[in-house]
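Here is a short briefing to read beside the model. Keep the sequence and the 3D view open as you go.

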Number of protein chains: 2
Amino acid sequence: MNPTTDPALRSWVAVPADSHFPIQNLPYGVFRRSAGSPPAIGVAIGKQVLDLTLLEQRGLLESRCFATSTLNRFLAAGPAVWSETRARISRLLQTHEPTLRDDDGLRQQALVPQSEVQMLLPVEIGDYTDFYSSRQHATNVGIMLRGPDNALMPNWLHLPVAYHGRASSVVVSGTDVRRPCGQTKADDAPAPMFGPSRSLDFELEMGFFTGPGNRLGESIPIASAPQHIFGMVLVNDWSARDLQKWEYQPLGPFLAKNFTTSISPWIVPLEALEPFRCPGPVQEPAPLPYLRSPGDWGLDIQLEVWLQSAKMDQPQRLCLSNAKHLYWNICQQLAHHAVNGCNLRPGDLLASGTISGPTPDSFGSLLELAWKGTKPIALSSGETRVFLQDGDRLTMTGWCQGQGYRVGFGEVAGTVLPARKDV
Amino acid sequence: MNPTTDPALRSWVAVPADSHFPIQNLPYGVFRRSAGSPPAIGVAIGKQVLDLTLLEQRGLLESRCFATSTLNRFLAAGPAVWSETRARISRLLQTHEPTLRDDDGLRQQALVPQSEVQMLLPVEIGDYTDFYSSRQHATNVGIMLRGPDNALMPNWLHLPVAYHGRASSVVVSGTDVRRPCGQTKADDAPAPMFGPSRSLDFELEMGFFTGPGNRLGESIPIASAPQHIFGMVLVNDWSARDLQKWEYQPLGPFLAKNFTTSISPWIVPLEALEPFRCPGPVQEPAPLPYLRSPGDWGLDIQLEVWLQSAKMDQPQRLCLSNAKHLYWNICQQLAHHAVNGCNLRPGDLLASGTISGPTPDSFGSLLELAWKGTKPIALSSGETRVFLQDGDRLTMTGWCQGQGYRVGFGEVAGTVLPARKDV
């Protein structure tokens, strides 16, 4: 077992029992202490942020990656630096390690309550790619569009289908989401109309950030894939189903998706997820050799989606899913992406696609949960939902359950704002 | 008439009659004087590059945008700065203006032969979007896939269809193109196979780089679109048709396109293209109001594609097209992209899609020129082509024909390298 994920490890920083951020996690993020402060890099521990930019300045870290406002430099440094840095941070936070614990001045400066900081986008994202890796999701959508007999496209079981998304509109959790306007066309209408989307949806996804990557024209063998995967976040791929339906043929979704994609602020390192690797679904037919994963790369990450309308006092759970349901794993996604020589760079975001489990309460979008509008979801307020309404706050959360601790992702949340009137 | 595009203007720098780079053009690029030199920003004039980074250092330009290695800062500065800077550079180069002409020391330092410099990617591209704006191209592809009766998708005449491409693999002219490997499946094969693409193609396109752009959640009214369009380049959207055919449903092209996209190194400012605006195709049905262009935004740019195989002594022209054939113009593309609140940033690249004219010799891809392999193209070497072979050098060029001068784009060229054997 990697010493940084030992369940017996404890920190001198108080960590509540249900915290997502015990010493076994140590996720990285970028934060501001207050509105005017410069961005700094930190790790979450319990209810605190440990300021790595400061610790590096003071000579407690040798990474030389944290005097900057994004994690890109650290992502580029590669797995040896990631491991060393993580081990060093873990040691500094362990119960019996006095260096930081007993330096009152530095400790008080270096630890900041999470409740006081503003989290920023952790990475300057080069390219954002979105996969379509949940078999249940692809099947559900296929049934709605083409019926149960041809639900999966012929290519689906042979390759991890993906498309390029928009990097500029990836935002950090907490950013409000403006309902998009665009063209829609009812089946029986002679022509399209323009206006606010009436089918705004979420998609429950996870994503990973790439490390060093490959040069253009080279590929990444699947056995090396983990060396290029830094860590993971929760992703909400907001979608306007009515825009999508009208625009997506033949080149795929565009304005239906690129108005906003939200991610959780803390990147959980792949190393922290090691103990939660598990077998993925059986892949039959067997994938082509370049897609054969060495070892198990399913990830047992429990996922939840919660909705709170403007009329509700507290959120209500809509969905309970798990990342282990993904058919195509992160190593397969990465190896596929680069197999044609496409260059991946430090800070690219590769997302999973909607993660739907096998049962109707584990579907990862309203499109599926309310089955194309035919099964409205009852809210505790007496309202119903088939798609999102203005004022709805959508929160996704996820964690790995260890024995007596959780390695969690925090949350990705956003509130739907009404469409602009002046478009 | 804008004084910088006056056909009567002449420069004290020698400009051959057939040059793409008279004083009416002044396209921007990034270059290195030699392998070890730092990147500098320049404009092309005749056979020379004028070093703007140096001129700014010496106080001859007030733009404060050129002490850097990409044009992004200049793109962000917006149309007032673009116009002022262009007017200033134009003046410095005009026949009767002695400032630079008569300063032997500075002039000799500031002008470098194009033949001696290495051109670099001019912009750090944030996001790359590819449209599908040629009606003839969309029709040709539709006929091949679905027959002549349903060639155009129902949405095509209502909106400029587009998808997100890959920014990391956009390269500058002169970069070799590695034949990609990937999955393909013959119609009669039971399963896909893995190997080098056997249907490597080019796509003749043009693209524009964005200026200031919009904030997330806001849009750009079409009347303001020109203020966000800095200038244009030639684009070769290399495509692997066999990979595309197998992978593209339902989310669009991915590995079939993202292995390389080539652009010409000189960005021709929109201001230099003003005299060549012309009516575009009649749009029927009339577009929705947000897509109604004020004024004519067709662009009369002659386009050519040339092929030279390894066995040929000189290139052979494959295609003669024109940008004026595009159904959806650049203002419509930009306004559509932002209408849902998607934020455009300085340095995004928006490409047109393949520009096919009405006649078979004006089709902008081998797929169309050789009509899906049924009409092989005879080369002067005695070879034939239905798709590109290893060693083929593909060159695209384009220019606007003025009275007695050309405003040209130079070229975008690339040679096909064999697939890697170790994938």
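The notes below go from the whole chain to the interface and then to single residues.

This is a predicted model. Chain A carries 10 helices and 26 strands.

**Chain A as a whole**

- The radius of gyration of chain A is 22 Å, which agrees with the value near 22 Å for a compact globule of 423 residues.
- The C-alpha trace of chain A spans about 70 × 50 × 40 Å along its principal axes.
- Of the 423 residues, 62% count as buried.
- Among contacts in chain A with a separation of 6 or more, 73% are between residues 24 or more positions apart.
- Chain A has an accessible surface of about 15600 Å². Carbon and sulfur atoms account for 51% of that surface.
- The side chains of chain A include 36 positive and 40 negative ones. The centres of these two sets lie 2 Å apart.

**The interface between chains A and B**

- The area buried between the chains is about 5500 Å². Carbon and sulfur atoms give 62% of this area.
- On the chain B side, B:Arg166, B:Leu251 and B:Phe254 lose the most area to chain A. Together they make up 14% of what that side buries.

- Most peptide bonds are trans.
- B:Pro250 sits in the loop between α7 (241–247) and β16 (261–263) of chain B.
- B:Glu284 and B:Pro285 are also joined by a cis bond, with omega about 10°. The loop between β18 and β19 (298–299) of chain B holds B:Pro285.

**Positive phi in chain B**

- Most residues other than glycine have a negative phi.
- B:Trp371 is not a glycine, yet its phi is positive, at about 40°. Its place is the loop between α10 (366–369) and β23 (377–378) of chain B.
- B:Trp371 has a relative accessible area of 23%, so this residue counts as partly exposed.
- B:Lys372 is not a glycine either, and its phi is positive at about 60°. B:Lys372 is found in the loop between α10 and β23 of chain B.

**B:Glu274**

- B:Glu274 lies in the loop between α8 (270–273) and β18 (277–278) of chain B.
- Its relative accessible area is 37%, so B:Glu274 is partly exposed.
- B:Glu274 and B:Pro221 are 53 residues apart along the chain. Their C-alpha atoms are separated by 20 Å.

**A:Arg33**

- A:Arg33 is in the loop between β1 (28–32) and β2 (40–45) of chain A.
- Is A:Arg33 buried, partly exposed or exposed? A:Arg33 counts as partly exposed because its relative accessibility is 35%.
- Beyond its neighbours within four places in sequence, A:Arg33 is in contact with residues including A:Asp51, A:Glu116 and A:Gln109. Among its other contacts are A:Leu54, A:Ala110, A:Val112 and A:Val117.
- A:Arg33 and A:Ser69 are 36 residues apart along the chain, and 13 Å separates their C-alpha atoms.

Definitions and conventions
Residues are numbered from 1 along each chain as its sequence is written. Chains are lettered from A and ligands numbered from 1 in the order in which they are written. This is a predicted model: local features need pLDDT of at least 70, side-chain atom pairs count only at pLDDT 80 or more; totals for chains, interfaces and linings use all residues. Side-chain values use heavy atoms; hydrogens and water are left out. Helices (H or I, at least four residues) and strands (E, at least two) are DSSP runs, numbered from the N terminus. The radius of gyration is taken over C-alpha atoms; the globule rule is 2.2 Å times the number of residues to the power 0.38. Buried means under 20% relative accessible area, exposed over 50%, partly exposed in between (1.4 Å probe, protein chains only). Contact means heavy atoms within 4.5 Å. Accessible areas come from the Shrake-Rupley method with a 1.4 Å probe; for residues, only the protein chains shown count as cover. Lys and Arg count as positive and Asp and Glu as negative; His and the chain ends are not counted. The place of a charge is taken as NZ of Lys, CZ of Arg, CG of Asp or CD of Glu. Buried area is the accessible area (1.4 Å probe) that two parts lose on being put together, summed over both.
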